[in-house]
Amino acid sequence: MVFHATLQGERYRFDDLRTLLAKASPLRSGDELIGVAAADPVERVAAREALANVPLRAFLNEAVIPFEQCDVTRLVVERHDAASFAPIAHMTVGQWRDWLLSYEADEAALAAIMRGLTPEMVSAVSKLMRNQDLIAVARKVRVVTAFRNTQGLKGRLGSRLQPNHPTDDARGIAASLLDGLLLGAGDAVLGINPATDSIETGMVLVRMLDEIRRRYDIPTQSCVLTHITNTLAMIERGAPVDLVFQSIAGTQRANESFGVSLALLDEAHQAARSLRRGSVGENVMYFETGQGAAISADAHFGVDQQTLEVRAYAVARDYAPLLVNTVVGFIGPEYLYDGKQIIRAGLEDHFCGKLMGLPMGCDVCYTNHAEADQDDSDDLMMLLAAAGVNFLIAVPGGDDVMLNYQSLSYHDILTVRSVYDAAPAPEFERWLQRMALLDGQRRLNANAPLALPGFMDE
Amino acid sequence: MSESRPDPARDPWSALRGLTHARIGLGRAGDALAGADVRALQAAHAAARRAVHATLDPARLSLAEPFIEVRSRAPDRGVFVRRPDLGRRLRAQDAARLPHAPCDVVFVIADGLSALAAARQAPGVLEAARASLPGWSLGPVIVAHNARVALGDEIGARVGARCVVMMIGERPGLSAADSLSLYLTWDPKIGRMDSERNCLSNIHAHGGMTHDEAAFRLAWLLRGARTLGRSGIALKDDSMTAQLPPGTP
């Protein structure tokens, strides 16, 4: 289908939905890299004008990546629920944007349409929204999940404690873990990115995390973020695996480049559920995503990077995950050039994920070759908390010494919780009280290693 | 540091700091990080940023032999970080200027994401590599600006080398802004995939790989590639079992 718009006396033509979405997207370097971005700011606004007039029904008739070539497209078509779509079926993208912001579109109304949404619809509407719109709508959506504690409740802000170490040294990891727990981090997950791909190392780490969790009776879950096939192997060998992690992307080809398929995700989901390790819920999957992933795998089909990202959420929602986060600034300036692009992408990803029904978190981060610094991270952290983000990732001092990038610090989590009067998951908050890590005003005590006795003992 | 770090003798974290370079046990000002710790991270970030934007000055490499200077199609650092595709191709006039000089190996000193790394590590690695490669004919040393790894493919093909070794600055981290990688590509030509290369990384003086160790491993890989007639995944698994000289960590 061809789309047109006339802006300032000039007529613009967009050959198909894929092109229209790409040209309407806010400026970012990844779209420029693959040559799909608008030629200039006026063409970008013209594309938005045309996009605003596209009926939502059109998204059910035109796939941005052909059905035959991509199992993600097939999944979206198969899972589409016409009854959920009915309340908005008569709207254009522009009308839907206004409806999403209306008082009528409350938590229940947004939950009711969730299964009727395709990733392309959600991506499209986000392109017609300013940052404040992305925040205002996202905060109306609540996605509650549970394993050993409950994530996503109102007034709560979870955190992943990421105690990485460049050589996977168990005691080095334990030191970073202790620091985070003393600062109230880790209710979303105690999650290690291992430096090596080794199953043996993964076994050592997952056992260590589980042993510490049991010793202090911490109501949280652990995860070693290794490839899904490694996690399956660890489950087979009897490792205490709480969550199955996998990076996913929005096209079959990109997922293949990660060595993952929908069948493999099904298998791992079933394997983790069969362990029945959750105490208050059975959400067992943890996914990471990020704009630019499909482009860097050369599996983008000429689709803009933000639309591809939302397609990854269509994969994620099929597995009722406990946690999903975008690793928004990790990929580098060739996809998100500077703080402005990273902040915008973080808010889009959170909004789109929530609208699709995901328990959306974020790794607020940047690399040293991006035009960004801690002030940009502060901005995004605060904006995401305003938007009701489920959880944020934190590392000691904001410096990940294994992955060589800057994320948030444990202290940043304290700050954002205090600014928004948000607490960790209720079960975890009670644990912090029980261990006398919190004072009478819900503030963390000084982080002294001896506050968790025996932690570093062999 | 006095406002954030207690006296080491009384710092309850001092024993744990030896276990990791992670910034554990940092001070607090209310919920926030103590000011000294904030500035310490800013200082490290500033050094990394300087490395990313630095330019490689060949005069300061103190190379023993003449060299040829080339540039990629990325005109400046700003475009370079945004457009990896431009960093993988030679500027037309530089491609035309490269001599056809068939040889076994051509070494390229490339800025990559840290000109600082190339300046500090590459000359030493090159010198050690020469000593480790008796009987190999080496092409002219190339100094490449705004270069990505794959720029070596075009350089190697133009020169007519059987193998190209890119000595290229890594993306700076906060702990090391001057870490170098070596990428070896047998039978270089435009379009080689990353899976057809072998890489040695983390070459720097802050607990990383030494110049001698890098040269030893590189020579091992080069001999393996010559035997196999290719580089990449097929070579990778065997190479890491190589016996290192005594004293190498």
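Domain bounds here come from an automatic or database domain assignment. On that basis chain A is divided into domain 1 (1–60) and domain 2 (145–451). The model is predicted: local features need pLDDT of at least 70, side-chain atom pairs count only at pLDDT 80 or more, and totals for chains, interfaces and linings use all residues. Residues are numbered from 1 along each chain as its sequence is written, while chains are lettered from A and ligands numbered from 1 in the order in which they are written.

**Confidence**
- The model scores ipTM 0.95 and pTM 0.92.
- Chain B has a mean pLDDT (the predictor's confidence in each residue, from 0 to 100) of 90, and 91% of its residues reach 70 or more.
- Residues 237–249 of chain B stay under 50 in pLDDT. For this stretch the model has 11 contacts beyond four places in sequence. Two residues are in contact if their C-beta atoms, placed from the backbone, lie within 7 Å.

**The two domains of chain A**
- The centres of domain 1 and domain 2 of chain A, taken over C-alpha atoms, are 34 Å apart.
- Domain 1 of chain A gives 12 residues to the contact, and domain 2 of chain A gives 18 residues.
- On the domain 1 side, α1 (17–24) and α2 (29–33) of chain A give two or more residues. Helices (H or I, at least four residues) and strands (E, at least two) are DSSP runs, numbered from the N terminus.
- The largest share of that side, 4 residues, comes from α2(A).
- By class, that side has 6 nonpolar, 3 polar and 3 charged residues. Ala, Val, Leu, Ile, Met, Phe, Trp, Tyr, Cys and Pro count as nonpolar, Asp, Glu, Lys and Arg as charged, and the others, Gly among them, as polar.

**A helix pair in chain A**
- The axes of α18 (residues 339–355) and α19 (residues 374–386) of chain A come within 10 Å and cross at roughly 20°. Axes are lines fitted to C-alpha atoms, for helices over the stretch in contact, and angles run from 0 to 180 degrees between N-to-C directions.
- The contact includes Ile342(A) and Leu347(A) of α18(A), and Leu380(A) and Leu383(A) of α19(A).
- Its residues divide into 6 nonpolar, 3 polar and 2 charged.

**Where the chains meet**
- In chain B, 31 residues are in contact with 32 residues of chain A.
- β2 (32–33), α2 (35–53) and α3 (77–82) of chain B each supply at least two residues of the chain B side.
- α2(B) gives the largest share of that side, 6 residues.
- The chain B side divides into 17 nonpolar, 6 polar and 8 charged residues.
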